Amino acid sequence: MFVRRAALAFVIVLLVCSVGVGHAAGAPNGTTPKHEDSNATLVSAYPSPVAREDPGEFVTVRFPDPTNTTGWTLTDGKTTARLPNRTVEGTVAFAMDPSAARRHTDHAVAPLGGRLLLANGGDRLVLRAGNRTIDSAQYRDAPESRVRDFEAGRWRPVGATTFEPVRTAGGTATAFVLPDGDNVTVETLAAADERLLLAGYTLTSARVTDALVEAHENGAAVRVLLDGSPVGGMTVRQQRQLDRLTEAGVSVRLLSGPHTCYEHHHPKYAVVDDRALVLTENFKPAGTGGMSSRGWGVILDNGEAAASLADLHGADWRWRAATPWEEYRAGRDFAEANPALGEFESRHPPEELPVDSATVLVAPDNAADGMVDRIDTADERVLVQQMRIDGRNERLLRAVLRAADRGVTVRIHLSGAWYAEEDNAALVSWLNRRAKAEGWDLQARVDEARGYEKIHTKGVVVDETVLLGSLNWGPTARTENREVVVALEGEAVAAYYADVFEEDWSKPDATDRPLPAGLLGAVAVAGAGGLLVARKITFVGRDSVVTDWEW
């Protein structure tokens with residue numbers, strides 16, 4: 001009996017093996033169709049395009065291995081569509097109207113047969129191979145022009161990127177701060193030989209415009225990408241600079257309109273040949289012009305970092321919301337604005353320093369996670385210099401407080417500018433009370449400016465790592481804006497910015513604080529005309545009023 005059972009088992013094994021070999025041999029393109037054994041995954045769905053009747057809907061599926069999708073279907077329980085009879089691999093978008101869908105995704109697009117309706121109110125999608133369910137996912141209440149990311153469990157704007165952090169081997173960096181290094185930015189831009197890709201929030205500096213035109217006239221391919229709905233509106237000053245650029249032949253686009261992926265295009269960077277320039281400051285007199293703000297900047301002589309930012313610039317430049325300046329300008333009114341007029345001595349000259357590594361972080365894709373991860377590994381110090389922090393529960397601040405609770409030395413230095421001073425003072429008071437109660441080595445302070453007019457920095461020193469870029473400490477910047485941050489690792493580069501921080505942190509004597517030229521002018525006006533009258537200024541963003549300030 002035992003012998004007969006063993007023989008029968010042996011025959012069954014042979015039959016199973018022979019069937020498996022025959023299945024593989026008959027696979028198209030020499031691959032093994034996965035069918036019911038596939039680990040294909042529903043990645044996302046786009047149910048509600050902006051256009052009427054929703055042309056451009058799609059569902060994306062990830063195929064880790066080459067997979068023959070003959071006999072595969074997508075269904076919402078009411079309608080069913082057939083996947084194409086072909087072998088696919090990677091992430092593929094499937095659509096009833098592939099030509100329309102290609103305008104909404106960078107993934108390869110494949111056609112669906114039959115009928116699939118993605119209800120705006122919600123649906124449950126099922127991916128099947130024959131009669132076997134491979135994966136399922138659901139969504140509710142689809143917002144217009146948003147993609148449902150099934151893996152992250154959230155809606156994201158259609159066209160938004162999913163970049164990973166790019167860590168490079170480092171090399172040489174030119175570290176500088178503003179207003180001290182007021183010539184560094186324009187000299188770097190003007191030196192472009194082959195390409196100059198600039199990305200910013202606003203551009204009102206005539207000197208920056210001159211540098212861009214000079215680079216263009218010297219043969220470099222120059223592209224400028226800016227935000228189309230800056231808070232307070234587009235100014236006449238910016239309109240004049242962009243007119244000058246386009247008249248000189250420079251390509252200028254602004255992210256604007258219903259297909260805009262982000263609340264604001266807020267980064268401050270440039271790719272200059274194979275160098276990367278990253279700033280905390282805007283391309284305007286108060287920022288890179290050195291006439292007002294304390295800010296940090298770095299130039300990386302690093303082809304990998306430059307390539308990473310060039311990829312980012314290209315993705316945002318190609319997106320359908322990137323509107324040529326001539327088209328954007330037509331029929332618009334522009335707001336009047338006065339530039340900063342301060343003048344300050346240079347206390348911290350630029351320095352060329354070694355960097356062990358440099359990592360490019362991008363928001364909303366990965367920057368917040370990358371910054372929190374670094375703060376969470378702090379052993380010795382966290383030095384924070386920010387324009388403001390958006391409340392006690394801000395995610396980045398909570399990471400700093402965890403560091404303090406581990407025994408890390410923490411210093412938090414916030415702006416004393418009129419539009420932020422009251423909120424910053426309240427937060428500083430709470431932080432210092434909390435530190436005293438917990439026994440933390442944490443101190444917080446509102447800035448008393450010396451050598452500049454106000455703090456506009458978005459910088460952190462974490463042990464021997466520096467984080468600098470455009471990202472303000474608030475949820476909109478982390479999750480809705482396009483931002484760029486660079487993480488610089490190295491003892492020398494960390495020491496440079498830490499030294500600047502220490503001098504800014506030290507409380508100045510009242511007589512040691514220079515008066516900016518703009519403030520002197522205001523004092524003269526007050527003396528001639530009597531008391532200044534309090535005014536109310538309303539800042540308006542892309543969709544609504546952002547906030548009101550009294551002064």
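Author: What follows sets values against cut-offs, term by term. This is a predicted model, with local features taken at pLDDT of at least 70, side-chain atom pairs only at pLDDT 80 or more, and totals for chains, interfaces and linings from all residues. Residues are numbered from 1 along each chain as its sequence is written, and side-chain values use heavy atoms, with hydrogens and water left out.

Reader: Why is helix 8 called roughly parallel to helix 9?

Author: Helix 8 (residues 367-376) and helix 9 (residues 395-405) pack at about 10°, with axes 9 Å apart. Angles under 35 degrees count as roughly parallel, over 145 as roughly antiparallel, 65 to 115 as roughly perpendicular and the rest as oblique, so helix 8 is roughly parallel to helix 9. The axes are lines fitted to C-alpha atoms, for helices over the stretch in contact, and the angles run from 0 to 180 degrees between N-to-C directions. Helices (H or I, at least four residues) and strands (E, at least two) are DSSP runs, numbered from the N terminus.

Reader: Which residues of helix 8 and helix 9 make the contact, and what is it by class?

Author: Contact means heavy atoms within 4.5 Å. On helix 8 the residues include Met371, Val372 and Ile375, and on helix 9 they include Leu396, Ala399 and Val400. By class, the contact has 8 nonpolar, no polar and 4 charged residues; Ala, Val, Leu, Ile, Met, Phe, Trp, Tyr, Cys and Pro count as nonpolar, Asp, Glu, Lys and Arg as charged, and the others, Gly among them, as polar.

Reader: What makes strand 12 and strand 25 the edges of the sheet?

Author: The open sheet has 8 strands in the order 12-22-29-28-27-23-24-25, with mixed pairing. Strand 12 (166-168) and strand 25 (442-446) each have a single partner strand, so one side of each is left without a neighbour in the sheet. Two strands pair if DSSP finds at least two bridges between them. Strand 27 (residues 458-462) and strand 28 (residues 465-469) run antiparallel and are joined by 4 bridges, and valine 461 has valine 466 of strand 28 as its bridge partner.

Reader: Which helices lie across strand 24 and strand 25?

Author: Helix 9 lies across strand 23 (381-386), strand 24 (409-414) and strand 25, at about 145° to strand 24. Helix 10 (residues 421-438) lies across strand 24 and strand 25, at about 160° to strand 25.

Reader: Why is threonine 280 called buried?

Author: Buried means under 20% relative accessible area, exposed over 50%, partly exposed in between (1.4 Å probe, protein chains only). Threonine 280 has 0%, so it is buried. Its place is the loop between strand 18 (275-279) and strand 19 (293-301), and among the residues it touches are Trp296, His456 and Leu468, not counting residues up to four places away in sequence.

Reader: Are aspartate 141 and serine 145 buried or exposed?

Author: Aspartate 141, at 58%, counts as exposed, whereas serine 145, at 4%, is buried.

Reader: Which peptide bonds are cis?

Author: A cis bond joins leucine 178 and proline 179, with omega about 10°. Another runs from alanine 363 to proline 364, with omega near 5°.
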